[in-house]
Amino acid sequence: MMSALGQIGGRLYRGEVSINFVGRQRLWYAISGLILVVSIVAVIVRGLSFSVDFKGGAVFTFPSSSASLSQVQNAVDAGGVTGAIVQQTRGQQNGWQIQTKSLTGPQTVTLEKTLSSKLGVNTNDISVTTVGPSWGSQISGKALEALIAFLIVIVLYLSIAFEWKMAISAFIALLHDLVIATGVYALAGFQVSPATVIGLLTILGYSLYDTVVVFDKVRENTAGLLGGARTTYSQAANLALNQTLVRSINTSLIALLPVSAILVVSTALLGANNELEELALVLFVGMLSGTYSSIFIATPVLADLKEREPQYQALAKRVAVRASGGRSAKRAMAKAPSGSRPRPGAPAEIPPAQLAEEEQDDVDFADDAAPPADELTTTASLAPGTAASRGTPGTGRPGPRQQPRRSGGSSARHRPAGKKKRR
């Protein structure tokens, strides 16, 4: 299987087989647009569940393997606290975790006593962690500042290392991954904690790495592209995508295997909404969306931006003319009588104005490409005054062309030394 994958990768790299990623950008844009709409609606309707580290509050943790979810919830309500989040924890000792809003000192003591009496838990076994709202707001502000600084540095780096259009394309791909990861958190109901922010910055870096690898190959394939008429920018960018496709897939699979293991183990053994699960989830979603965006979003957006430039539009026209059979075939078709039927597969007729312009371009090209006069030699059959040039007296038609004798002396007489006869 691995050898077959290697053969496919080699054929993709050499251009023997190709997947038209760039040419189907509207399909990828439609799929991404649908996913983005679902993510945005989920964030607006369901919202994000922030942990106490961001919004402030109190966390009560205690061991109890005999209590049920309904018993713990009734005990919290009896303690005079509403809107609390009750979760069961797993590990060396099964227990419960209760997250509440910010409580005063008396409210905290009352809830501890209620949990102890209703659930039969020792008060000393109940651990209480309190986070003030000011601390949560500071954490939120720092996380937002780190994200904005990361995006600014990335755009500046790509603008210097590559070009600003590549930076814009990579920035769009990063925003794409950010919105999708946020939407998945809103749909799944997982809490957003500091571990989530760390994982988010990590997956943005991973997505950027994959995009930079593709862009580097695009830059290599498009170097000197304007000097010819064989490949458009979109075709060269699509070739770069195919050449790096196997590498992107292998890198993503290798990175996703340990992340998937962490996600499964943390969910099965530690319960819901633990920090390890939150970190693994954002890494898993971000790596998937990052691989998708580097292939289906970043490079097609870059090709769309570059194809709007006048020089690449002119290149696309030259490539189209070359692919349709060249100017000579078009000119012959345009000069043909209007009543004649074109042959199957012949190029379409072009307007007279475009025909005249192309003829003038060919004339200018012929003038520029003509060799100097001193490099041309006159053969015996075309020399002035010879039998071939005299023809029949009184007529403009030349007489029969005579073949020159092939002798050593004639070559020396009619061709100067050091000059080659032009055939």
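Here are some questions and answers about the predicted model shown above.

This is a predicted model, in which local features need pLDDT of at least 70 and side-chain atom pairs count only at pLDDT 80 or more, while totals for chains, interfaces and linings use all residues. Residues are numbered from 1 along each chain as its sequence is written, and side-chain values use heavy atoms, with hydrogens and water left out.

Q: What is the average pLDDT of the protein chain?
A: pLDDT is the predictor's confidence in each residue, from 0 to 100. In the protein chain, 70% of the residues score at least 70. The chain average is 74.

Q: Which helix has the lowest mean pLDDT among the elements of the chain?
A: Helices (H or I, at least four residues) and strands (E, at least two) are DSSP runs, numbered from the N terminus. The highest mean, 92, belongs to helix H2 (residues 25-45). At the other end, with a mean of 40, is helix H15 (residues 387-390).

Q: How many contacts beyond four places in sequence does the model have for residues 357-423?
A: Contact means heavy atoms within 4.5 Å. pLDDT stays under 50 over this stretch. Where pLDDT is low, the predicted coordinates should not be read in detail. With that caution, the number of contacts is 41.

Q: What is the strand order of the open sheet of four strands?
A: Two strands pair if DSSP finds at least two bridges between them. E3 and E4 (residues 95-100) are joined by five bridges, E2 and E4 by six, and E2 and E5 by five. The pairing is antiparallel, and the order is E3-E4-E2-E5.

Q: Which strands stand at the edges of this sheet?
A: An edge strand here has a single partner strand, so one side of it is left without a neighbour in the sheet. The two strands placed like this are E3 (85-89) and E5 (127-131).

Q: Which residue of E4 is the bridge partner of Phe-60?
A: E2 and E4 pair in the antiparallel sense. For Phe-60, the partner in E4 is Ile-98.

Q: Why is E2 described as largely enclosed by the rest of the structure?
A: Buried means under 20% relative accessible area, exposed over 50%, and partly exposed in between (1.4 Å probe, protein chains only). Across the protein chain of 423 residues, 38% are buried. E2 is largely enclosed because the buried residues in this seven-residue strand number five.

Q: At what angle do H7 and H8 pack?
A: Axes are lines fitted to C-alpha atoms, for helices over the stretch in contact, and angles run from 0 to 180 degrees between N-to-C directions. The axes of H7 and helix H8 (residues 194-221) are 10 Å apart. Their packing angle is about 145 degrees.

Q: What is the handedness of the crossing of H7 and H11?
A: A crossing is left-handed if the near helix is turned anticlockwise from the far one by less than a right angle, and right-handed if clockwise. The axes of H7 (residues 164-188) and H11 (residues 275-307) come within 7 Å and cross at roughly 145 degrees. This crossing is right-handed.

Q: How many nonpolar residues are in the contact of H7 with H11?
A: Ala, Val, Leu, Ile, Met, Phe, Trp, Tyr, Cys and Pro count as nonpolar, Asp, Glu, Lys and Arg as charged, and the others, Gly among them, as polar. Five residues of this contact are polar and four are charged. The nonpolar residues number 17.
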